[in-house]
Amino acid sequence: IVSVEVTNDATDVMFKINLTGDIVATDWGKYMVGIDVDGQFGFTGDPLGNGWNRPIGMSYGMDKWIGGWVDGGGGRQIWDYDDSLTSWNQLNQTGVSINTTSVTYTVSIADLGLNFGDSFDFDVYSSGGGGGDGAIDSLANPNQTVSGWGDYYDSSTNAVYTYTLVRPPDPTNKVTFIVSVEGAARDGDFVP
């Protein structure tokens, strides 16, 4: 993971994950986002602290999980942790935007359960194609995260990133007038 660009518009949050190498030619990678929306609740179990039951977690509480892939045309799922039922529930699944060095996930602000001005903590992970693979790379950790594919990784042992939803500016009404001056010139009038 080279960098991640997070932006939002009036309805969605976009995560553009920039990667090293050609992710289309080597398309078995999985790219995931762990999110803590409230700073206090969420799954705190070890080791399967996310919607995909991979050995990746946030010991202070992960509430949302975006799991995505680039093989087979790509896609992403968003999962929500239900504190009252102590379970992960899939909210939806959609396509993704892919080029050779990045993948972009678009997630509705409503699915995150947030409003403009709210913040969330997050980390982004890359992993292998196997269901038991952990986070081999993490955006918040500049070092290799684990020594083996199935090892557990906990984002809370490292710094995570925070994003605050910004209200997009109100649209402006731009009006264009087209004035026809055809036939309006008289003898002696200047017409540019």
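Visitor: Which residue forms a salt bridge with Asp80?
Guide: A salt bridge here is a side-chain nitrogen of Lys or Arg within 4 Å of a carboxyl oxygen of Asp or Glu. In this predicted model, the closest N and O atoms of the pair are 2.5 Å apart. The pair links distant parts of the chain, 16 residues apart, with Asp80 in strand E6 and its partner in strand E5. The partner of Asp80 is Lys64.

Visitor: Is Lys64 buried or exposed?
Guide: Buried means under 20% relative accessible area. Lys64 has a relative accessible area of 7%, so Lys64 is buried.

Visitor: How many salt bridges does a search of the whole structure find?
Guide: One of them joins Asp80 and Lys64. Asp71 forms a salt bridge with Lys30, with 3.1 Å between the closest N and O atoms. Asp71 lies in the loop between strands E5 and E6 and Lys30 in strand E3, so this pair ties together parts that are 41 residues apart in sequence. The search of the whole structure finds 2.

Visitor: How many residues does the largest nonpolar core have?
Guide: Among the residues with the most contacts inside this core are Phe15, Val33, Val103 and Phe122. Elements giving two or more residues to the core include strands E1, E2, E3, E9 and E10, and also helix H1. A second, separate core of 14 residues includes Ile56, Trp69, Tyr81 and Ala135. The number of residues in the largest core is 27.

Visitor: Which strands are the edge strands of the open sheet?
Guide: The sheet has 4 strands in the order E1-E2-E9-E8, with antiparallel pairing. Its twist averages 15° from one strand to the next. An edge strand pairs on one side only, and the two that do so are E1 and E8.

Visitor: What is the bridge partner of Ile98 in E9?
Guide: E8, residues 97–99, is an edge strand. E8 and E9 run antiparallel and are joined by 3 bridges. In E9, Ile98 has as its bridge partner Val103.

Visitor: How far apart in space are Pro168 and Asp9, C-alpha to C-alpha?
Guide: Pro168 lies in the segment after strand E13 and is partly exposed, with a relative accessible area of 23%. Pro168 touches Asp9, Ala10 and Phe116, leaving aside residues up to four places away in sequence. Pro168 and Asp9 are 159 residues apart in sequence, while their C-alpha to C-alpha distance is 6.0 Å.

How values were computed: Residues are numbered from 1 along each chain as its sequence is written. This is a predicted model: local features need pLDDT of at least 70, side-chain atom pairs count only at pLDDT 80 or more; totals for chains, interfaces and linings use all residues. Side-chain values use heavy atoms; hydrogens and water are left out. A nonpolar core is a set of buried Ala, Val, Leu, Ile, Met, Phe, Trp, Tyr and Cys residues joined through side-chain atoms within 4.5 Å. Buried means under 20% relative accessible area, exposed over 50%, partly exposed in between (1.4 Å probe, protein chains only). Two strands pair if DSSP finds at least two bridges between them. Axes are lines fitted to C-alpha atoms, for helices over the stretch in contact, and angles run from 0 to 180 degrees between N-to-C directions. Contact means heavy atoms within 4.5 Å.
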